[in-house]
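Let us walk through this structure step by step. Keep the sequence and the 3D view side by side.

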Amino acid sequence: MSKKLSNNTLSAFATALLCTIWMVIANATGLLGWAGFAGCTAYFAGPKKGVSALPLTFACVGSGVAYALISVHLGNQIDFAQIGLVFTFVTTFLMCAGGKIGIISFVPGAFMGSFSTFAAGGDFMIIPSIAAGIILGLCCDTLGKKLCAIFGSEG
């Protein structure tokens, strides 16, 4: 009787392998590796999984990125000391209000896109980096499921 690996172990292996490959690619191409992990996290935190999750995840994370990019770049143009507070209010309001709009209803995804963009200082490399991370999440999920189907156990 062959001993099968736990599904948790196989999923963890798939994620660790693909995330390591991601970091090699990110470092070689100038993408923001950590931002890819934010995108990957958004995929796994989302309410859906698989290819059908991508439109919602991209829209929500993308809306957060857009709000933050607008805030950062307008904030750099406006000479008003408290403009950051104004943009914080507006951005937070829009992201939370978006929870009632189907395609941007995954509010945590919007916040992940937003805080990642602020962390990157408004660097436009956030866009391909976080987008690649969303795809990374899908790939981790898919490979994990394939490994579980081949080598896994139910427990």
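Helices here are DSSP runs of H or I with at least four residues, numbered from the N terminus. With that in hand, take K145 and D141: both lie in helix α6. They sit 4 residues apart, about one turn of the helix. An α-helix has 3.6 residues a turn, so residues three or four places apart point the same way. The model is a predicted one.

Side chains of opposite charge can pair when their charged atoms come close. The side chains of K145 and D141 do meet, in a salt bridge with an N to O distance of 3.6 Å. The cut-off for such a bridge is 4 Å. The structure holds 1 salt bridge. D141 counts as buried, because its relative accessibility is 12% and buried means under 20%.

Now turn to the cysteines. A disulfide needs two cysteine sulfur atoms within 2.5 Å. By this rule the count comes to 0 disulfides. Take C139: the closest cysteine sulfur belongs to C140 and is 7.1 Å away, so it is too far for a bond. C148 is in no disulfide either; for C148 the nearest cysteine sulfur, again that of C140, is 13 Å away. Their surroundings can be compared with the accessibility values. C139 is partly exposed, at 38% relative accessibility. C148 is buried, at 15%.

Next, go back to the start of the chain. Helix α1 covers residues 7–29, which is 23 residues. From its first C-alpha to its last it reaches 33 Å, close to the 33 Å expected at 1.5 Å a residue. Which residues of α1 are buried? They are L10, A14, L18, C19, W22 and A26. These buried residues pack against α2 (33–45) and α6 (126–151). So α6, the helix that holds K145 and D141, is also one of the packing partners of α1. Just after α1 comes G30, with a positive phi of about 85 degrees.

A nonpolar patch of about 820 Å² is made by I70, L74, I78, F80, V86, F89, V90, F93 and L94. Two elements give two or more residues to the patch: α3 (54–77) and α4 (83–97). Helix α4 gives the most, with 5 residues. F89 lies in α4. Is F89 buried or exposed? F89 is exposed, because its relative accessible area is 60%, and exposed means over 50%.

Definitions and conventions
Residues numbered from 1 in each chain as written. Predicted model: local features only at pLDDT ≥ 70, side-chain atom pairs only at ≥ 80, totals over all residues. Heavy atoms only, no water. Patch = residues over 30% accessible without salt bridge, like charges linked within 9 Å, V, L, I, M, F, W, Y side chains within 5 Å. Areas by Shrake-Rupley, 256 points an atom, 1.4 Å probe, with all protein chains shown as cover. Buried < 20%, exposed > 50% of the residue type's maximum accessible area, 1.4 Å probe, protein only. Expected span 1.5 Å × (residues − 1). Contact = heavy atoms within 4.5 Å.
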